[in-house]
Amino acid sequence: MSLLPKPPNICDTAWEGVIASQYGLFHDPVDYDRDKDGNERWTGGYEYTVSSVEWLKCAQAGCPWCQFLAKTFLGKLQHCSPQWPSDTTHIRVGPWPTSRMRLTKGEASTIIVINGLDEICKLHTTEGNPAARWIKNRFLIPHVGWPYALAEAKTCIEKCVRDHPECRAITPYPIGDAPLPTRLIDCSDPDCLRIVETDPAMRGTYVALSYVWGEDQPHRTTEANLPLYKIRIDPAMLPQTILDAINVTRALGIYFLWIDSLCIIQDSEKDMHHELAQMRDVYRNAYLTIDASSAAKVSEGFLQDRKLRRIPDAVLPFISPPGEPVEQSAGEAQLGMIYVTSDGLRYNTYRESDWNGPDNHTGSRGWCLQERLLSARLLVFTSQTLRLRCHTRAHNVGGAYHDGLHDTTRIPDAVFHPDRHIARHSKEWKDIRRAWLKIVSDYTRAKLSNPTDKLIAISAVAEMFAPFLGPEYVAGLWRPSLLTDLLWDSCDQKLWRRQTEYRDPSWSWASTDILVFWWGADEHADWWAEVVKCTVTLKNEQLPFGPVIGASLILRSPICPCKWLVDKDLGGPTSMPRLSIDYPLPAPFMVKNRVYKFDRDPSLELLEEPEMWFVPLLLERLRKTGSQLYGLVVTRADPEVWRRSGEQGQGDVYRRVDITWCDIDWDTDSFEDAEGWDQLRGMLAHLPKVDIELV
């Protein structure tokens, strides 16, 4: 393939080398390993060596490739390379392996390595450019509400419906034959919107809206205005987000829309409870959910033009091969243009903010999490562009780059088939359980306007998991794995917030307003505790996965006192409270390092010396001659705040304060490794246990 005429601003070295080789894109991926001496070694791509003086002179003379390298690497070289300025500069350019990126062919990132320093870049071009055949990435669509953008979104949605077998497999009904919610907004005439009430036999297609209220909605449906809304809803009274959702629904060729503020009678507790129980089906059966992610409140709307936060770092010529991308292809090559942005995987606008980013508001809201997880397809109006997320993939409409690295929380496909039998403790079952714990952990990051919604706002997701993890659900935990589920912990003691009025039982993650995670205990571990009884009193029997108004958990365990250590006990100020556990074990066993992590409940600060107890749950072997004992820290509960469930028992009740552990070792002179472990387990099994009631 002969070279095209060289543009005057390109230096000979770049034109005849890296540009003629298409920036190494059709070479082997650039990767690195280590040689036998442990030195890092780069391989693959297109490589060349150039005089450092010549390279910098070409950059000053205006060569866009050399200028891009200087802009991207000069500071790094001066800061990180002790040999700089060196006589020569070694440059390697090529594709970054797609296996690292979850990208398809043509979306591969480009990596540039200069003297061992690397930079990952994104290449993109425009539709119709000669380079477009080989470079698949496009610019973000900033005009998200324009007809061309919505038409492109419609095409992507239809492609999903037609070409994604994974999405079809988890869709409960054929397109057009889904049961309809109780009420829908008829958008067929934008000047005469109205609410239609359905019956159970009706089937059809509708769109749902996921959005942030952010403020009062005086237009919301009430028992008084429902008869009027069945005749007509004046568009002039609706906030912009709802008007935008109506426009998008119509642009997609659909004329029924579900919005909570209009389709649920907001001042009817009976209707509210009935509709909340249907949330799983409302979002699962919707043809599409519109995610108004960019709107912080309902009056803002989400179809405004977006402002790109960064322009490309360079515009470079690209020699488009006439046939297969090999250097000796016959035929006429064409000169196209590509746009390069450095560090594209981490900081550029071509990877928009993640779900919990400051400008993507639905990603930080508790109710919106379950709406996103349950939806078959989600059309997301992000702060920067328009994205379609389905169960097969997530991608930006129009072909702009989206790495998907922050879009991994999903309900496993198996959960969408509740009649399927999956054996407990099988690999697939463990994957389902891990997905549930990940979802709950993500959910605890989210915000709720009303903290009492903690359980109800994720109840539809819990209902999906019930056939596999349940069936009995007790205030956010699963009865069959209750001991394991009790092992939740908080990530940041500074964020600890405990309820002052009863909301949920203290042993449930739902009782706090902190980010939680779970320790990875196996259900077949050595459990010291057993569940004697667990009861909860639901606020509404129609909502078995919803809020509770009382709870009682009776554990049988060999408890022992523990002490909260203040600064004077530790010999000076500490950054984190500590706990002393002095478990009574005979020699040669010993509780080592009796001071342990303790996320202090602020309510305990009111007490000079609060009484606390350690309730062991799980013994786990960690070393040849040692183990860890995990358990709950509890204190007496105020019965005026912490309510029992079921029959009112006698005696004290306790509440969870934290989870902690203690190290138990044994003397190797007394036991061999395995013998010591067996002796410890046998001795602990005979310790006296008592029943303790947690509320």
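Two strands pair if DSSP finds at least two bridges between them. Strand 31 (residues 626-636) and strand 32 (residues 654-666) are joined by 11 bridges and run antiparallel. The model is predicted. The protein has 16 helices and 33 strands. Of its 695 residues, 55% are buried. Among contacts with a separation of 6 or more, 70% link residues 24 or more positions apart.

**Strands 31 and 32**

- Strand 31 is mostly covered, with 10 of its 11 residues buried.
- Gly 631 stands opposite Thr 660 in strand 32.
- Strands of a sheet pair through backbone hydrogen bonds, in either the parallel or the antiparallel sense.

- Strand 8 (residues 183-186) pairs with strand 12 (residues 256-258) in the antiparallel sense, over 2 bridges.
- Ile 185 stands opposite Leu 257 in strand 12.

**Helix 12 against helix 13**

- The axes of helix 12 (residues 427-445) and helix 13 (residues 459-469) come within 11 Å. They cross at roughly 155°.
- That angle makes helix 12 roughly antiparallel to helix 13, because angles over 145 degrees count as roughly antiparallel.
- The crossing of helix 12 and helix 13 is left-handed.
- Helix 12 makes the contact through Trp 429, Ile 432, Arg 433, Ala 435, Trp 436 and Ile 439. Helix 13 contributes Val 461, Ala 462, Phe 465, Phe 468 and Leu 469.
- By class, the residues of this contact are 10 nonpolar, no polar and 1 charged.

**Helix 11 against helix 13**

- Helix 11 (residues 366-374) packs with helix 13 at an angle of about 40°. Their axes are 8 Å apart.
- Helix 11 and helix 13 are therefore oblique to each other.
- From helix 11, Gln 370, Leu 373 and Leu 374 take part. They meet Ser 459, Ala 460, Val 461 and Met 464 in helix 13.
- This contact holds 5 nonpolar, 2 polar and no charged residues.
- Val 461 is listed in the contact of helix 13 with helix 12, and Val 461 is also listed in the contact with helix 11.

**Ala 314**

- Ala 314 is found in strand 14 (residues 314-320).
- Ala 314 has a relative accessible area of 9% and is therefore buried, because buried means under 20%.
- Leaving out residues up to four places away in sequence, Ala 314 touches Phe 68, Ile 338, Tyr 339 and Val 340.
- Ala 314 and Gln 67 are 247 residues apart along the chain. Their C-alpha atoms are separated by 8.4 Å.

**Backbone exceptions**

- Most residues other than glycine have a negative phi, and most peptide bonds are trans.
- Tyr 23 has a positive phi, near 55°, and is a residue other than glycine. Tyr 23 is found in the loop between helix 1 (12-19) and strand 1 (31-34). Tyr 23 is buried, with a relative accessible area of 3%.
- His 425 is not a glycine, although its phi is positive at about 75°. His 425 has its place in the loop between strand 18 and helix 12. At 28% relative accessibility, His 425 counts as partly exposed.
- The peptide bond from Gly 470 to Pro 471 is cis, with omega near 15°. Pro 471 is found in the loop between helix 13 and strand 19 (473-474).

How values were computed:
Residues numbered from 1 in each chain as written. Predicted model: local features only at pLDDT ≥ 70, side-chain atom pairs only at ≥ 80, totals over all residues. Heavy atoms only, no water. Axes fitted to C-alpha atoms, helices over the stretch in contact; angles between N-to-C directions. Helix = DSSP H or I, 4+ residues; strand = E, 2+ residues; numbered from the N terminus. Parallel < 35°, antiparallel > 145°, perpendicular 65-115°, else oblique. Left-handed = near helix turned anticlockwise from the far one by under 90°. Contact = heavy atoms within 4.5 Å. Nonpolar A, V, L, I, M, F, W, Y, C, P; charged D, E, K, R; others polar. Buried < 20%, exposed > 50% of the residue type's maximum accessible area, 1.4 Å probe, protein only.
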